[in-house]
Amino acid sequence: MKSETELVQTLLDWGAYRAGVVPVANIEFEPEFRKMCESNACGMYGKSWMCPPCVGPVDELIARAKGYRWALVYQTVDNLEDSYDFEGMMAAGQRMNELTQRVRAELADEFGPDALHLGAGGCRLCPVCAKREDKPCRFPDKALASLEAYGMNVSRLAELAGMKYINGQDTVTYFGAVLFGR
Ligand code: SF4
């Protein structure tokens, strides 16, 4: 297996702004974060298999996450034209989730098939999630839930990993993680 330094360098080479490994035991989980999803500010509540409530009860997801020993946490930082640059935010989210898919595909031997990959926001794999058509998930092996869906306190996670949660005016920061090791 690659060393922590090698894993971090791989993520930086692939376009992450920062990356780090933290013990899952130090991560703070808060079921209350689901209330943000329930407010449906993003319009995806109940519209994606990987968003609440379809992704599963938060207590079960937290218990699953706590079953791992380590989390490789990484962030992307992208520039926006201004704070209303919705297209820029969407493109940055897509870039993060493509990075997460690359981690899953190209580092599969490092983390094993049992690892838990989490991305930013809802799953962006299909242009329109099959949930909207009441059909099963098209790619259950690639579908991505978010850190927030698993109840993670992402601002605290950033601190744990030595990262800033916000990285300056007219930028957008997204987080991804892979949980591994038992
Ligand atoms: S892979 Fe496609 S169908 Fe499955 S959760 Fe993601 S967007 Fe929805």
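Colleague: Where does the ligand sit?
Modeller: This is a predicted model, in which local features need pLDDT of at least 70, side-chain atom pairs count only at pLDDT 80 or more, and totals for chains, interfaces and linings use all residues. Residues are numbered from 1 along each chain as its sequence is written, and side-chain values use heavy atoms, with hydrogens and water left out. A cavity is a set of points, on a 1 Å grid over the protein atoms alone, where a 1.4 Å probe fits but cannot get out, and a molecule sits in it if more than half of its atoms lie within 2 Å of its grid points. The ligand sits in the largest cavity.

Colleague: How many charged residues does the shell around the ligand have?
Modeller: The ligand is surrounded (a heavy atom within 4 Å) by Trp49, Met50, Cys123, Leu125, Cys126, Cys129, Ala130, Cys137, Arg138, Phe139 and Ala143. Ala, Val, Leu, Ile, Met, Phe, Trp, Tyr, Cys and Pro count as nonpolar, Asp, Glu, Lys and Arg as charged, and the others, Gly among them, as polar. By class, the shell has 10 nonpolar residues and no polar ones, and its number of charged residues is 1.

Colleague: Which element gives the most to the lining of the largest pocket?
Modeller: A pocket is an open set of grid points with protein on both sides within 12 Å along at least five of seven lines, and its lining residues have an atom within 4 Å of a point. The largest pocket holds about 1,400 Å³ of space; among its 46 lining residues, Cys42, Gly121, Gly122, Arg124 and Tyr174 are the closest to its centre. Helices α2 (34-38), α4 (86-106) and α6 (154-160) and strand β5 (171-180) each supply at least two lining residues, where helices are DSSP runs (H or I, at least four residues) and strands likewise (E, at least two). With 5 residues, the element that gives the most is β5.

Colleague: Which strand supplies the largest share of the lining of the second largest pocket?
Modeller: About 330 Å³ of space lies in the second largest pocket. Its lining has 18 residues, with Arg104, Ala115, Pro140, Asp141 and Ala143 nearest its centre; by class, 13 are nonpolar, 2 polar and 3 charged. The largest share, 3 residues (116-119 being the strand's range), comes from β3.

Colleague: How far apart are the C-alpha atoms of Arg104 and Ala115?
Modeller: Arg104 is found in helix α4 and, at 19% relative accessibility, counts as buried. Buried means under 20% relative accessible area, exposed over 50%, and partly exposed in between (1.4 Å probe, protein chains only). Arg104 and Ala115 are 11 residues apart along the chain, and their C-alpha atoms are separated by 8.6 Å.

Colleague: What arc do the buried residues Val58, Leu61, Ile62 and Ala65 cover around the axis of α3?
Modeller: Val58, Leu61, Ile62 and Ala65 are buried in α3, whereas Asp59 and Glu60 are exposed on the other side of α3. An α-helix has 3.6 residues a turn, so residues three or four places apart point the same way.

Colleague: Is Asp134 buried or exposed?
Modeller: Asp134, in the loop between β3 and β4 (145-146), has a positive phi of about 55 degrees although it is not a glycine. Most residues other than glycine have a negative phi. At 66% relative accessibility, Asp134 counts as exposed.

Definitions and conventions
Grid points are joined across faces, edges and corners, and a volume is the space filled by probe spheres set on the points.
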